[in-house]
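Subject: Structure handover

Hello,

Here is the structure I said I would pass on. Please look through it first; my notes on what was found follow below.

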Amino acid sequence: MNNFSKTEREIFILTNVYLRLADIIPLNDGTFTELDLGCGKGGLTLGLASLYPRRRILAADIMLGRLHKVEKKLRRSRCGENVFLLRSEANMLLGRLLPDNCIDRLHLLCPDPWPKLRHSGRRLVSSQFMTSLHRVLKPGGIFHFSTDDPEYMAAVVRLVEESGFFEEASPSAIADIAHIKTEFEQDWLDEGRTVPHRVWKAR
Ligand SMILES: C[S@@+](CC[C@H](N)C(=O)[O-])C[C@H]1O[C@@H](n2cnc3c(N)ncnc32)[C@H](O)[C@@H]1O
């Protein structure tokens with residue numbers, strides 16, 4: 001799908017707000033496209049890459065070191081020719097860099113919970129995030145969210161409902177990847193916490 005060999009995979013460093021990602025990656029060519037937003041150590045990205053070699057998989061994180069690790073894992077596993085690693089801030093990616101209606105499924109799994117009330121403004125999901133999210137998703141596109149933090153989950157459910165942009169989707173929309181546990185989810189499960197997943201469909 002892309003032109004990079006397994007030893008030359010690029011990490012796209014996206015710091016220019018005037019960049020149009022569609023000029024680099026053909027995002028509107030009809031290929032089913034998944035975005036692992038805040039991909040961390042890449043558990044979901046690697047799972048998707050091995051399940052779906054014909055889909056386009058975008059893995060984005062603000063931490064370059066994490067993306068280097070994901071790149072190394074992809075190289076070792078000899079899969080992921082279809083994976084694009086993006087070093088980008090999530091709001092900039094969704095708000096500016098991605099074109100409209102280009103994502104089929106967006107996964108935001110175990111984002112930093114910022115549990116203290118005074119830090120809640122640092123959370124990724126906000127009303128502005130909902131607007132950008134809806135812009136980049138294709139109609140009927142899926143928003144998949146998980147967190148171990150009940151208060152963050154309640155806040156996200158509220159934001160989704162207030163936005164009016166989404167309707168509840170069937171869990172079958174993520175049944176194909178229910179067996180994949182990201183590194184953070186596994187850590188929380190090992191500590192005896194629960195990590196619910198929710199899924200919505202763009203109107
Ligand atoms: C708690 S980790 C979860 C990683 C992975 N999704 C998982 O479930 O294992 C959150 C990830 O989001 C990234 N992140 C935090 N804020 C971000 C932002 N504003 N833009 C992009 N990535 C961000 C962090 O660097 C980190 O890798």
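To begin with the ligand, one of its nitrogen atoms is 2.6 Å from an N or O atom in the side chain of E89. A polar contact here is a pair of N or O atoms within 3.5 Å; within protein, one must be able to donate a hydrogen and the other to accept it, and residues adjacent in sequence count only if both atoms are side-chain atoms. A nitrogen atom of the ligand also lies 2.8 Å from a polar backbone atom of L109. For F184, a backbone N or O atom is 3.1 Å from an oxygen atom of the ligand. In total, 17 residues surround the ligand, the closest being G38, D61, R66, E89 and T182; a residue is counted if one of its heavy atoms lies within 4 Å.

Before going further, note that this is a predicted model, in which local features need pLDDT of at least 70 and side-chain atom pairs count only at pLDDT 80 or more, while totals for chains, interfaces and linings use all residues. Residues are numbered from 1 along each chain as its sequence is written, and side-chain values use heavy atoms, with hydrogens and water left out.

F184 also takes part in an aromatic pair. The structure holds seven such pairs, in which rings of Phe, Tyr and Trp (its six-membered ring) have centres within 6.5 Å; planes under 30 degrees apart count as stacked, over 60 as edge-to-face and the rest as tilted. F184 and W188 are edge-to-face, at 6.0 Å centre to centre and 65° between the planes. They are separated by about one helical turn because they are four residues apart in helix α6 (residues 183–190). Helices (H or I, at least four residues) and strands (E, at least two) are DSSP runs, numbered from the N terminus. W188 is buried, with a relative accessible area of 17%, whereas F184 is partly exposed at 28%. Buried means under 20% relative accessible area, exposed over 50%, and partly exposed in between (1.4 Å probe, protein chains only).

Ring pairs also link F129, F143, F145, Y152, F166 and W200 into a cluster. Y152 belongs to the buried residues of α5, together with M153, A155, V156, V157, L159 and V160. These buried residues pack against α4 (127–136), β6 (137–146), β7 (166–168) and β8 (197–202). Just after α5, G164 takes a positive phi of about 75°.

S146 is in strand β6 and is buried, with a relative accessible area of 0%. Leaving aside neighbours within four places in sequence, S146 is in contact (heavy atoms within 4.5 Å) with residues including L109 and M153.

W114 lies in the loop between β5 and α4. Its phi is positive, about 40°, although W114 is not a glycine, and at 30% relative accessibility it counts as partly exposed. The charged end of R122 sits over the ring of W114, 4.9 Å from its centre. For this, NZ of Lys or CZ of Arg must be within 6 Å of the ring centre and within 35 degrees of the ring normal. R55 lies over the face of F32, at 3.9 Å from the ring centre.

Regards
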